[in-house]
Amino acid sequence: TQSEGSQNVEETVSGTENASSLYSDPKTGQAVQYVDVSTETDGTSGTSSSVSTEDVNSMKSTKYDEYFKEAAEKYNVSESLLKGIAKAESNFNANDVSSAGAIGVMQLMPGTAKELGVTDAYDPRQNILGGAKCIAAKLEEFNGDIRLALAAYNAGSGAVKRNGGVPSYCTKYVNKVISYKEAFEASEAVG
């Protein structure tokens, strides 16, 4: 499904496992990538995941690439996963504060940030390293299951355990992060 008013440029983006096409936004003229992730299910209700539309150029690099690379290497976590989380959580905004009080690029709650050794949650390097440490722990806790780890990152490990899987209110978040992760991989924005 393409965005209303956009024209299909009919160019398939190579190197992706999912079907991808480029479209031209009629308002801005910018190339927009459509990634069909409908073949993935949320694992709980059998419904397909949401569709992602992103400006192709916005997936090439971020101003915090060196921090993502450092954090990925330090905690043995996929750089594209870290970028996917940051994109979904704050759109890479180091000054972002959620209505719940989560802070920074990786949206760390103050108590969690302190537990992770983050002394300044607004510092992008500390925040990204803290978020990487957190998702690495969740991946270990849930035996490498990325969907469960992301749900735990978003809602807490207790919520995942109580629900016996990804809680329904986390499904959209999990699918969004995975879609962003795949888009970063497809754009070769990771080392």
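**Exercise 1.** In this predicted model, asparagine 127 is found in helix 4, residues 124–141. Decide whether asparagine 127 is buried or exposed, and list what asparagine 127 touches.

*Solution.*
Step 1. Take the relative accessibility of asparagine 127, which is 0%.
Step 2. Compare this value with the cut-off: buried means under 20% relative accessible area.
Step 3. Asparagine 127 therefore counts as buried, at 0%.
Step 4. List the contacts, leaving out residues up to four places away in sequence: asparagine 127 touches Ile103, Gly104, Val105, Met106, Gln107, Leu108 and Ala121.

**Exercise 2.** Describe how helix 5 (residues 146–155) and helix 7 (residues 171–186) cross, and state which residues meet.

*Solution.*
Step 1. Two packed helices are described by the angle and the distance between their axes.
Step 2. The axes of helix 5 and helix 7 come within 9 Å, and their crossing angle is roughly 120°.
Step 3. The handedness of this crossing is right-handed.
Step 4. On the helix 5 side, the residues are Ile146, Arg147, Leu150, Ala151, Tyr153 and Asn154; in helix 7 they meet Tyr173, Val174, Asn175, Val177, Ile178 and Lys181.
Step 5. Sorted by class, this contact has eight nonpolar, two polar and two charged residues.

**Exercise 3.** Give the volume of the largest pocket and describe its lining.

*Solution.*
Step 1. The volume of the largest pocket is about 240 Å³.
Step 2. The lining has 13 residues, and those closest to the pocket centre are Gln107, Met109, Thr112, Tyr153 and Asn154.
Step 3. Helix 4 and helix 5 are the elements that give two or more residues to this lining.
Step 4. Helix 5 gives the most, with four residues.
Step 5. By class, the lining divides into seven nonpolar, four polar and two charged residues.

Key:
Residues are numbered from 1 along each chain as its sequence is written. This is a predicted model: local features need pLDDT of at least 70, side-chain atom pairs count only at pLDDT 80 or more; totals for chains, interfaces and linings use all residues. Side-chain values use heavy atoms; hydrogens and water are left out. Axes are lines fitted to C-alpha atoms, for helices over the stretch in contact, and angles run from 0 to 180 degrees between N-to-C directions. A crossing is left-handed if the near helix is turned anticlockwise from the far one by less than a right angle, and right-handed if clockwise. Contact means heavy atoms within 4.5 Å. Ala, Val, Leu, Ile, Met, Phe, Trp, Tyr, Cys and Pro count as nonpolar, Asp, Glu, Lys and Arg as charged, and the others, Gly among them, as polar. Buried means under 20% relative accessible area, exposed over 50%, partly exposed in between (1.4 Å probe, protein chains only). On a 1 Å grid over the protein atoms alone, a cavity is a set of points where a 1.4 Å probe fits but cannot get out, and a pocket is an open set with protein on both sides within 12 Å along at least five of seven lines; lining residues have an atom within 4 Å of a point. Grid points are joined across faces, edges and corners, and a volume is the space filled by probe spheres set on the points.
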